[in-house]
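Subject: Structure handover

Hello,

Here is the structure I promised to pass on. Please have a look at it first; my notes follow below.

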Amino acid sequence: MPDRPYNPMTIENAVELGLTGVILYCRKCHRERTVSFDVLALLQETPVLAIAPARRFVCSGCGGRSVASPPDWTAYKAPAAGGMSRR
Ligand SMILES: [Zn+2]
């Protein structure tokens, strides 16, 4: 598969990397919480950054609608450094 630099990461891509959800982040008051993909029940091809607009999240702290949904990297399983080891 060609690696296009501007291809947005989708939920499917994120799950392949071991991620389990996104962080909902309020740009106004900087509140954040994590939400899992299971709870969101969105299509696998949904871009991760489009999750907040798609679900119309509103901040529970300030009521702001400027909510971002960056991937939650805490569950990321970094691939083992292949090909770099010397025997
Ligand atoms: Zn807020």
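Start with Ile 11, which sits in helix α1 (residues 11-16). Helices here are DSSP runs of H or I with at least four residues, strands are runs of E with at least two, and both are numbered from the N terminus.

Two notes on the basis. This is a predicted model: local features need pLDDT of at least 70, side-chain atom pairs count only at pLDDT 80 or more, and totals for chains, interfaces and linings use all residues. Residues are numbered from 1 along each chain as its sequence is written.

Back to Ile 11. It is buried, because 22 other C-beta atoms lie within 10 Å. The cut-off for buried is 20 or more other C-beta atoms within 10 Å of the residue's own, with C-beta atoms placed from the backbone. Leaving out residues up to four places away in sequence, Ile 11 touches Phe 37, Leu 42, Gln 44, Thr 46 and Val 48. Contact means C-beta atoms, placed from the backbone, within 7 Å. Leu 49 is 38 residues away along the chain, yet its C-alpha atom is 9.4 Å from that of Ile 11.

Now the sheet. Three strands make an open sheet, ordered β2-β1-β3, with antiparallel pairing. β2 and β3 (67-68) are at the edges with a single partner strand each, so one side of each has no neighbour in the sheet. Strands pair if DSSP finds at least two bridges between them.

Strands β1 (residues 21-26) and β2 (residues 32-36) are joined by five bridges. Val 22 is opposite Val 35, and Ile 23 has Thr 34 as its bridge partner.

Best wishes

Conventions. A residue is buried if 20 or more other C-beta atoms lie within 10 Å of its own, exposed if 12 or fewer, and partly exposed in between; C-beta atoms are placed from the backbone. Two residues are in contact if their C-beta atoms, placed from the backbone, lie within 7 Å.
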